[in-house]
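I opened this notebook to keep track of what I looked up in the model, element by element. The entries follow the order in which I checked the sheets, the helices and a few single residues.

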Amino acid sequence: MSLSLILSNARLANASDASATVDIAIADGRITAIEPRISGGGTRVDAGGRFVSSGLVESHFHLDKSRILDRVAPLEDRRVTDYMKRTSAVKDTFTVEDVYARARDTLEQCLLNGVMHMRTHIEVDAPIGLRGYEAIERLAKDYAWGMDLQLCVFLQEGWTNVPGAESTVVQALKRGATVVGGAPRYDADGAAQIRRIFALAKDFNVDVDIHGDGGYTTDDMMVWQICDLTDRMGWGGRVAIGHGNKYSCLTDSQVAALGKRLADSGVAVSVLPATDIFTSGRHMEHSVMRGLADANALVAQGANCSIATNNVLNPFTPYGDCSLVRIANMYANVVQRGTEKDLSECFAMVTDRPARILRKDDYGIAVGNPADLVVWNAKTPAEVIATVAQPVMGFKRGRRVFTREMPTLHRP
Ligand SMILES: [Zn+2]
């Protein structure tokens, strides 16, 4: 086997000696050796002693409704919470070509920010049908060279109360969607929607990822039903909840109990800082609640959690540079996590932990794994989060997929 690439002088997260660097040899898209010094043929790329990680993992994203701010009615009043209404109003403009073009622009920005794996939720409600699904399915094929896309199909605007709505979910699952999602909050009977999601997961042998426990009280938390169903079906490790704003309203001991329950059932939580913070506490005039769950506290109890971007430039989140590291930094800042250990955990929540949610068995820098690598302008994972470090270059299955020049200061 001939070496195609050696990424030299790379600093790994688990290096025993902080100053130690390694060379990473890559052939046929996979890591073939990790040694202090590797000589031999092939192209050499110098990582310059910088920290090298696996590609980032977005466990919760909506490519299909990204970049629509320019066509929705503006949010005039801070108290108004009509994100859904303003989004719904423009869904008739979602053609296959339109969804593809917006999703492509977003995906490319994510890739330039070091993301190489993504689970994207796709709406198949009546106004859109399978058009969004078709666009993202095509995008996944076209961009397989840079991004592994996992397709999660769901109904955003009601399920059990919308006659016939489920048929498009079933069609998408038959076409190959590997995850079934949901938005029980927007169903006349949320508990019934959750039961349907699990029933479909069993029928099609797919994973579950439900938007849940948004809101600003601890009333009616869905997590207990989701854990019960996961236990009963033996689906541990295959279920995730997105948001969990309500968990920010729990006391420390309640958070600990929740973390243990999530760990026991194998249900993961993806916190979505940009959306969670933007939509929380809109009823409050002052001392506005942040509404973002402390995922580190859940992780401390053995639960699996991730930090994800969710929305980009739409009514739910009118921001977005597609930098998952920026989102993780915002998360750490808001939940007041700042130690080396906590920030390292935040980095794990955009890499190893979401990789487990996506059930990527061959994720990570190890011999035999795909060579999905990002070189950061930092020395450690914690420093990446603390400084919102820039990714300098990235390799997907051993092929260079992006390069970013560092800024230059022109002194007098
Ligand atoms: Zn979402």
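**Entry 1: conventions.** I take two strands as paired if DSSP finds at least two bridges between them. Helices (H or I, at least four residues) and strands (E, at least two) are DSSP runs, numbered from the N terminus. I note that this is a predicted model, in which local features need pLDDT of at least 70 and side-chain atom pairs count only at pLDDT 80 or more, while totals for chains, interfaces and linings use all residues. Residues are numbered from 1 along each chain as its sequence is written.

**Entry 2: the eight-stranded sheet.** I looked up the pairing of β6 with strand β7 (residues 115-123) and found that the two run in the parallel sense over four bridges. Within this pairing, glutamate 58 has methionine 118 in β7 as its bridge partner. Both strands belong to an open sheet of eight strands with parallel pairing, in the order β6-β7-β8-β9-β10-β11-β12-β13. Its edge strands, each pairing on one side only, are β6 (56-61) and β13 (305-307). On average, neighbouring strands of this sheet are turned by 20° against each other, direction ignored; angles here run from 0 to 180 degrees between N-to-C directions, and axes are lines fitted to C-alpha atoms, for helices over the stretch in contact. I then noted that helix α10 (residues 324-334) packs on the sheet, where it touches β6, β7, β12 (267-271) and β13, and that the direction of α10 makes about 115° with that of β13. For contacts I use the rule that the C-beta atoms of two residues, placed from the backbone, lie within 7 Å.

**Entry 3: the four-stranded sheet.** I next followed an open sheet of four strands, which has mixed pairing and the order β3-β2-β1-β4. Here the edge strands are β3 (30-35) and β4 (43-46), each of which pairs on one side only. The twist from one strand to the next averages 20°. Strand β1 (residues 5-10) runs parallel to β4 and is joined to it by four bridges, with arginine 44 in β4 as the bridge partner of isoleucine 6. Towards β2, β1 is joined by four bridges as well, but the two run antiparallel, and leucine 7 stands opposite isoleucine 24 in β2. β2 and β3 pair in the antiparallel sense over five bridges, with aspartate 23 opposite glutamate 35 in β3. These two strands form a hairpin with two residues between them, and aspartate 28 in the turn has a positive phi of about 50°.

How many residues of strand β2 (residues 22-27) are buried? I find five of the six, so β2 is largely enclosed by the rest of the structure. A residue is buried if 20 or more other C-beta atoms lie within 10 Å of its own, exposed if 12 or fewer, and partly exposed in between, with C-beta atoms placed from the backbone.

**Entry 4: positive phi values.** Asparagine 9 lies in strand β1 and has a phi near 60°, a positive value in a residue other than glycine. Asparagine 9 is partly exposed, with 19 other C-beta atoms within 10 Å. Arginine 397, in the loop between β15 (391-396) and β16 (399-403), has a positive phi near 45° and is likewise a residue other than glycine.

**Entry 5: helices α6 and α7.** I checked helix α6 (residues 223-233) against helix α7 (residues 252-265), whose axes come within 9 Å and cross at roughly 25°. They are therefore roughly parallel to each other, a label for angles under 35 degrees, with over 145 counted as roughly antiparallel, 65 to 115 as roughly perpendicular and the rest as oblique. In α6, Val223, Cys227, Thr230 and Asp231 meet Leu258, Arg261, Leu262 and Ser265 in α7. The residues of this contact divide into four nonpolar, two polar and two charged; Ala, Val, Leu, Ile, Met, Phe, Trp, Tyr, Cys and Pro count as nonpolar, Asp, Glu, Lys and Arg as charged, and the others, Gly among them, as polar.

Aspartate 264 also lies in helix α7. C-alpha to C-alpha, aspartate 264 and aspartate 231 are 8.8 Å apart in space and 33 residues apart in sequence.

**Entry 6: helix α11.** In helix α11 (residues 340-348), I list Leu343, Glu345, Cys346, Phe347 and Ala348 as the buried residues. They pack against α9 (295-299), β13, α10, α12 (352-357) and α13 (381-387).
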